[in-house]
Amino acid sequence: MKITREEVLKVAELAHLELTEAEVTKYQQQLDSILEYIAKLNAVDTSKVEPMAQVLAETNVVNPAMREDVVIPCDVAKDVLTQAPDADGKYFKVPKVIER
Amino acid sequence: MAASEKKWTIGAVRAALTAKKISARELTRDHYAQIERDNPNLNAFLALCPERAYAQADKIDAMVGRGAELPALAGVPVAVKDVISTRDVTTTCGSKILQHYVPPYDATVVTRLEAAGAVILGKTNCDEFAMGSSNENSAYGPVRNPVAPDRVPGGSSGGSAAAVSAGMATAALGTDTGGSIRQPGALCGIPAMMPTYGRVSRYGLIALASSLDRIGPFTNTVSDAATIMGLIAGRDANDSTSALHDVPDYSVSLDRPVTGLRIGIPSEYFGPGMDPAVRHNIEVGIGSLEKLGCKTVQLKMPHTDYAIAVYYILLTAEASSNLARYDGVRYGLREAGDGTLMGMYRATRGRGFGAEVKRRIILGTYVLSAGYYDAYYRKGQQVRELVTRDFREAFMKVDAILTPTSPVPAFKLGERTEDPLAMYLADIYTVTGSLAGVPGISVPCGKTPDGLPVGLQIFGPHFGEARVLQIANAFEKVRAESGLEN
């Protein structure tokens, strides 16, 4: 197996995902076969290849310059907060994080 | 086939409005009537916005009334994939986690289409967060293929493809990350275009994989695709990755003869695994371009076979980061869980996301995690460079590359849902161009003996949209006389 049950649980924890027992078992099997497939990349010699992060970097057409640093009004707080599951005035509300 | 009395084109809408044969309001009403009739079966639309649509239609009718010059898309009914933000219109991304999300702003593409007179009818169904190749990963049920309702429309932009194919909209916007415009276009039998990376602003597009995502059109004709591309392409101050290149007038070059153009045929796209009927139609299609004077050149693109593996590393890595924002705090679903903040995060995400999204988040988190980063993510980026190099070298020899869009025509609903890897392989001919950032179109290339549409894919070099559209248009014009029905 390329991926163990413990690794699935660890990664789910990192990704903040609650999984059921059935999901853990199923994902372990499915990810194992996907990783098995992905392992075909090991056959490619990449010792002299730079990793590509940005597809058009070399043509220097994307984001060639920083924009001017001017202040633009952005008065959208009210609109944005209408979408929050829980808000209070200007704030998003979340469960208590710090114990007194 | 879901009956459509008439498939409108942009030109036909314009002519009918100008001649006062129909008003924009009547045209909008007719489309909503058809949606009301066909959508319960096809499930292509998730939300409709009739108030907004009729307000826009009335504006157009007022312009017609006073004899004003009409903008390019005046009165054209358009559908928008539900991963693209629309102000005051629910935008779910096909996910339960955004079931009640109403964006406070419009995506740039929506603003630009409406400014050109388009009537936005509503939002189309898609695989959850655009993750899928069959539309079966939508939290709101699959879309059915209008050509064969027991089959998938392709994905992830299946609703947009089905809406245009069934005549419920004259054009639609979709998004393409690994094939999500081109593959459903092929499976539903309509032109579908993915522009160069950065050609069209992604502002307001809810992100899947930011180094791959693109927005593009579904239309009934290649000429309509050219019109829409001309309107949505171009620099946008709100998207720093949008390209500075001038946008050419795609309609000017559309009808130029293709004589003498060099067309590359990469052998890697014609291997085993391709449906024989697809192969037959693609060969006929290539033959018809040869008759028009194109010169075919046999190509080798040796890293093609690695593209799916690269894609599922990079895509899942980027997606796992992008989808970290759905945490129950700022928008969307919140599940209390055990009452703690961490418990709330875990419960919200665990219950709000569907199976494929969770699978990809786990894979993406895994390939980025300590100890695996070099083996997977870095390796993936290196092989992406090699896949892109294949394209760069090819375009030194040819003007365009022709391949099938999909190895198979539309498959049956449920046929591939149990095997994620089999589903991933549906994108085998499209992900290469996604990784390389080049533009590509899928143009209808006849049907199989079972009556299922086949798509011919045309890739061009970076910012070579004009060339891609020109060849697609030339092919579309001679398709019927080549014996390829559509």
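Let's start with B:Lys20. B:Lys20 counts as exposed, because 10 C-beta neighbours lie inside 10 Å. The cut-offs run like this: a residue is buried if 20 or more other C-beta atoms lie within 10 Å of its own, exposed if 12 or fewer, and partly exposed in between, with C-beta atoms placed from the backbone. B:Lys20 sits in the loop between helix H1 (10–18) and helix H2 (24–42) of chain B. Helices here are DSSP runs of H or I with at least four residues, strands are runs of E with at least two, and both are numbered from the N terminus. The phi of B:Lys20 is near 60°, which is positive in a residue other than glycine. Most residues other than glycine have a negative phi, and most peptide bonds are trans.

A word on the model. This is a predicted model, where local features need pLDDT of at least 70, side-chain atom pairs count only at pLDDT 80 or more, and totals for chains, interfaces and linings use all residues. Residues are numbered from 1 along each chain as its sequence is written, and chains are lettered from A and ligands numbered from 1 in the order in which they are written.

Next, B:Ala130. Is B:Ala130 buried or exposed? It counts as buried, because it has 28 C-beta neighbours inside 10 Å. B:Ala130 lies in the loop between E3 and H5 of chain B. Its phi is near 65°, again positive in a residue other than glycine. B:Ser156 is in the loop between strand E3 (119–124) and helix H5 (158–165) of chain B. The peptide bond from B:Gly155 to B:Ser156 is cis, with omega near 10°.

Now chain B as a whole. It has 16 helices and 11 strands. Its radius of gyration is 21 Å, close to the 23 Å that the globule rule gives for 486 residues, so chain B is as compact as a globular protein of that length. That radius is taken over C-alpha atoms, and the rule is 2.2 Å times the number of residues to the power 0.38. Of the 486 residues of chain B, 63% count as buried.

Over to chain A. It has three helices and two strands. From the N terminus on, they run α-α-α-β-β. Buried residues make up 15% of its 100 residues. The mean pLDDT of chain A is 88, and 89% of its residues reach 70 or more. pLDDT is the predictor's confidence in each residue, from 0 to 100.

How do the chains meet? 45 residues of chain A are in contact with 54 residues of chain B. Contact means that the C-beta atoms of two residues, placed from the backbone, lie within 7 Å. On the chain A side, H2(A) gives the most, with seven residues. That side divides into 32 nonpolar, eight polar and five charged residues. Ala, Val, Leu, Ile, Met, Phe, Trp, Tyr, Cys and Pro count as nonpolar, Asp, Glu, Lys and Arg as charged, and the others, Gly among them, as polar.

One place to look is H1(A). The contact of H1(A) with H12(B) is made by A:Val8, A:Val11, A:Ala12 and A:Leu14 on one side and B:Ile362, B:Thr365 and B:Tyr366 on the other.

Last stop, B:Arg330. It is in the loop between helix H10 (307–322) and helix H11 (341–352) of chain B. With 14 C-beta neighbours inside 10 Å, B:Arg330 counts as partly exposed. Leaving aside neighbours within four places in sequence, B:Arg330 is in contact with A:Gln83, A:Ala84 and A:Phe92.
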